[in-house]
Amino acid sequence: MNELLEVDGLVVDYGRARALDGADLRVAAGRTVGVVGESGSGKSTLGAAIGRLLPRQARVEAGEVRVGGERMLDLRPAELRRLRRGRLGFVFQDPIASLDPTMRVGRQLRLVLGRRGDVAAHLARVGLDAARVASAYPHQLSGGMAQRVAIALAMAASPELLVADEPTASLDAQVREKVLDVVFALAAEAGTSIVWLSHDLPAVARRCDRVAVMYGGRVVESGPAAAVLGAPAHPYTAALAGSAPAAAAPGVRLRPVPGRPPVLTGPSPGCAFEPRCPFAEERCAVERPAPVRVGEQDALCHRAADLVGELEVVA
Amino acid sequence: MRLLLWWAGRALSSAVTLLGISVLIFAALRLMPGGFAETILGPFATPEQKAELAARYGLDQSVLAQYGHWLAAVGTGDFGTSMISRQPVAAELAARLPVTARLTLLAVAAAVLAGVPLGVVTAVRARPGGGGGAGRLLSGLGVSVPEFALGSLVVFVVSRYGLQTTGYLLPAAVLSIFAISATARTTRDAVLGVLVEQHITAAVARGETPWFIVRHHILRNAAGPVLTLTATITAYLLGGALIVEYLFNLPGVGSYVVQAVGRRDYAVVQAGVLLAAAVFIVMNVLVDLLVGLVDPRLGRRA
């Protein structure tokens, strides 16, 4: 398989706090991958690390990120810029903040497209009326409109990989689906792979080819979306799927994942989910799980093989 | 219509501020020990001579009456006559204004041309956790050393080696040490504030070069505090860089007012202080307008 993005054993610290504790991710060209996890699971750090966009206080302690075979962490500044410019696109959570507040929308697109670019066409592609939007400042737009502008900016150069970090989290429910439609339609048209970071497992499973579930700074399960959602291989995935509002039948109580997500200050000695896991054994606390192949999925769980058929999503 | 109302409000509040300042300075001058008559006539003047002099300038009236006369005259553009030179104060101030203006222009130009690039470069190059090191120390020193200390030092050193202390270069240099340091610091802090904004990360993610990002996305976003500071420095210096003008013997507004205070030349001090206050107010209105133009989010609110 032709892998566009490869993240291997990535470890990232913010001061003494560990955000990524050996994260692995693979994205093939043209595929869409949803990265799912609670707040603090490390998904935003993973997304930023893909473009080497980590904040200054972050330190990469180990691991590697390759985009199209190029080792991101070793690139010189000019090479890094060339790669970002040509192959990567980013969309962030807060759309208005990700636009320059002192510059009209049309001018921001013009800067990205160059003198000969067609600003109106790029705005039309994301479903915006150029006559109305081009002369507006970002604070005069709604969140949904601003995110469409941000998408137009990120997709202007038809990147090979688009990283979208909770692009709809700050938007109204009604516009979420429309904005996602725009993202996926543009990406499909340009052959762009998508890494969509989200906390909404069912929403991700509906749109993406594959899903990666993050917990405690690691990708604990990855595989085809239907398989991960329908037959979870990791106890955390099963718990996450059971706690999603959309998964519950009316009148049935949601089952929250018991306990709290971990706060790491170094490598987790065992499985980070062990304190909250109903299936935990002795070794789960002291031995770091290695990837196990279960069905179509890869899972980081000592008991994954025993639990086949045991884990089910209460729906 | 709303803009018109805004302007009317600004004009009214400015007038009230000026009025308040005029009351303060009038009262402060009359409360100072030692009078005009002693300065002019010397310690051995007879009471009759003093009374005659006081009568000539209306100083025998009540303070309230004096203030009323003065205010009415100022309303018609008449700032009175210097009691020392017997020349109209307005004309004397106007004659000295170009000196102060030139000094101000030199110092402010140096502040903007040197301070802004210094601030931008040190902010963009800043390392996490580092306090800015040598640059921060130097600019800290620059804003804290008092003008009279630095000015006296310069005058001493220069005259010690038999060089000329005349001209604008040295006093402008003394003033610009403070102006450059303050501008560099403010610029650095403003740029550091913009650097952590999401849209800068977005621009970096698009593969823009640092220089491109500074030029298009940082300068305008960081301009607000720098403009405000520049306006404050300009107003402060235009009102008369009192100590530096005095030290370097420049015939500007500042040295004029300092001399007038020593001689209890009431009309001159009143006019000088009023001028400085008016310059401050006008600069403030101007900078509010400018900042609104630079940052469209603020322009709406004004």
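Predicted model: local features only at pLDDT ≥ 70, side-chain atom pairs only at ≥ 80, totals over all residues.
## Basis of the description

Residues are numbered from 1 along each chain as its sequence is written, while chains are lettered from A and ligands numbered from 1 in the order in which they are written. Local features need pLDDT of at least 70 and side-chain atom pairs count only at pLDDT 80 or more, whereas totals for chains, interfaces and linings use all residues.

## Domains of chain B

Chain B is divided into domain 1 (2-75) and domain 2 (93-301), with bounds that come from an automatic or database domain assignment. The centres of the two domains, taken over C-alpha atoms, are separated by 32 Å. Between them, 14 residues of domain 1 are in contact with eleven residues of domain 2; contact requires C-beta atoms, placed from the backbone, to lie within 7 Å.

On the domain 1 side of this contact, helix H1 (2-31) and helix H2 (36-41) of chain B are the elements that give two or more residues. Helices are DSSP runs of H or I with at least four residues and strands are runs of E with at least two, numbered from the N terminus. H1(B) gives the most, with nine residues. The residues of this side divide into seven nonpolar, six polar and one charged. In this grouping, Ala, Val, Leu, Ile, Met, Phe, Trp, Tyr, Cys and Pro count as nonpolar, Asp, Glu, Lys and Arg as charged, and the others, Gly among them, as polar.

## Contact between the chains

Chain B places 19 residues in contact with 23 residues of chain A. Helix H9 (198-205), helix H10 (210-238) and helix H14 (296-301) of chain B each supply at least two residues of the side that touches chain A. H9(B) gives the most to that side, with six residues. By type, the chain B residues there are six nonpolar, eight polar and five charged.

Val74(B) lies in helix H4 (residues 63-75) of chain B. Because 17 C-beta neighbours lie inside 10 Å, Val74(B) counts as partly exposed; a residue is buried with 20 or more other C-beta atoms within 10 Å of its own, exposed with 12 or fewer, and partly exposed in between, the C-beta atoms being placed from the backbone. Arg188(B) is 114 residues from Val74(B) along the chain, and their C-alpha atoms are separated by 43 Å.

Helix H5 (residues 89-125) of chain B has 37 residues and should span 54 Å at 1.5 Å a residue, which agrees with the 51 Å between its end C-alpha atoms. The expected span is 1.5 Å times one less than the number of residues. H5(B) has a kink of about 35° at Arg96(B), shortly before the proline Pro98(B); the bend at a residue is the angle between axes fitted to the seven residues ending there and the seven starting there.

## Strands S6 and S7 of chain A

In strand S6 (residues 88-91) of chain A, Leu88(A) and Phe90(A) point one way, Gly89(A) and Val91(A) point the other way, and all are buried. In a regular strand the side chains alternate between the two faces of the sheet. S6(A) pairs with strand S7 (residues 161-165) of chain A in the parallel sense over four bridges, where pairing requires at least two DSSP bridges. Leu161(A) in S7(A) is the bridge partner of Leu88(A).

## Two residues with positive phi

Most residues other than glycine have a negative phi. Ser158(A), however, has a positive phi near 45°, and Arg264(B) has a positive phi near 55°. Ser158(A) is found in the loop between helix H6 (143-155) and S7 of chain A. Arg264(B) is placed in the loop between helix H12 (253-263) and helix H13 (266-294) of chain B. Ser158(A) is partly exposed, with 15 other C-beta atoms within 10 Å, whereas Arg264(B) is buried, with 21.

How values were computed. Contact = placed C-beta atoms within 7 Å.
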